[in-house]
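Welcome! Have a look at the structure below, then work through the exercises one step at a time.

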Amino acid sequence: MSFKQKSALSNLFGFREDLAEDPQTPVFLKKLDKGVAAEANRDGTIYVDPSLSPNQMKKAVKHEMVHINQMKRGDLSYDNNNVYWKGKIYSRDNMPEGSKQLPWEAEAYKKS
């Protein structure tokens with residue numbers, strides 16, 4: 001008789017192995033700021049708000065995977081003050097975060 005053992009992480013930190021599109025990209029459930037569905041992190045992880053429906057989670061992970069890939073290829077980076085896209089600096093002071101007009105978001109919306 002056999003059984004599938006879940007990852008040890010699946011019970012820790014809200015890890016969602018079933019949402020990861022790439023086995024190298026861990027997806028964690030984490031309560032995020034109001035209006036934020038998911039976040040791609042510089043460490044290669046993705047946070048997804050647990051209040052989303054399963055379908056919304058899958059869409060959000062797909063979108064954030066584009067950002068993970070943008071960071072892997074060196075086009076996108078960020079810190080608390082700025083977003084860096086293909087050598088250009090975008091201040092976060094008055095940035096409409098998530099706007100489809102931002103070049104890194106335009107690509108993510110197009111591919112997801």
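A residue is called buried under 20% relative accessible area, exposed over 50%, and partly exposed in between, using a 1.4 Å probe and protein chains only. This is a predicted model, in which local features need pLDDT of at least 70, side-chain atom pairs count only at pLDDT 80 or more, and totals for chains, interfaces and linings use all residues. Residues are numbered from 1 along each chain as its sequence is written, and side-chain values use heavy atoms, with hydrogens and water left out.

**Exercise 1. Tryptophans and their neighbours**

Task: Decide whether tryptophan 85 is buried or exposed, then find the aromatic pairs in the whole structure.

Solution, step by step:

1. Start with accessibility. Tryptophan 85 has 7% relative accessibility, so it counts as buried. Tryptophan 104, at 4%, also counts as buried.
2. Now apply the ring rule: rings of Phe, Tyr and Trp (its six-membered ring) pair if their centres lie within 6.5 Å; planes under 30 degrees apart are stacked, over 60 edge-to-face, and the rest tilted. A search of the whole structure gives two aromatic pairs.
3. Tryptophan 85 and tryptophan 104 make a tilted pair, with 6.3 Å centre to centre and 50° between the planes. Because tryptophan 85 lies in strand E5 (residues 82–85) and tryptophan 104 in helix H2 (residues 103–111), this pair ties together parts that are 19 residues apart in sequence. Helices (H or I, at least four residues) and strands (E, at least two) are DSSP runs, numbered from the N terminus.
4. Tyrosine 90 and tryptophan 104 make an edge-to-face pair, with 5.0 Å centre to centre and 75° between the planes. This pair links distant parts of the chain, 14 residues apart: tyrosine 90 is in strand E6 (residues 88–91) and tryptophan 104 in helix H2.

**Exercise 2. One face of a helix**

Task: Find which residues of H2 are buried and what they pack against.

Solution, step by step:

1. The buried residues in H2 are Trp104, Glu105, Glu107 and Ala108.
2. Viewed down the axis of H2, these buried residues fall within an arc of 160°, so they line one face of the helix. The arc is that of the directions from the helix axis to the C-beta atoms.
3. The buried residues of H2 pack against H1, strand E4 (76–78), E5 and E6, where contact means heavy atoms within 4.5 Å.

**Exercise 3. Charges over rings**

Task: Find which residue lies over the face of tyrosine 78 and which lies over the face of tyrosine 109.

Solution, step by step:

1. The rule is that NZ of Lys or CZ of Arg is within 6 Å of the ring centre and within 35 degrees of the ring normal.
2. Arginine 42 lies over the face of tyrosine 78, at 5.0 Å from the ring centre.
3. Lysine 100 lies over the face of tyrosine 109, at 5.1 Å from the ring centre.
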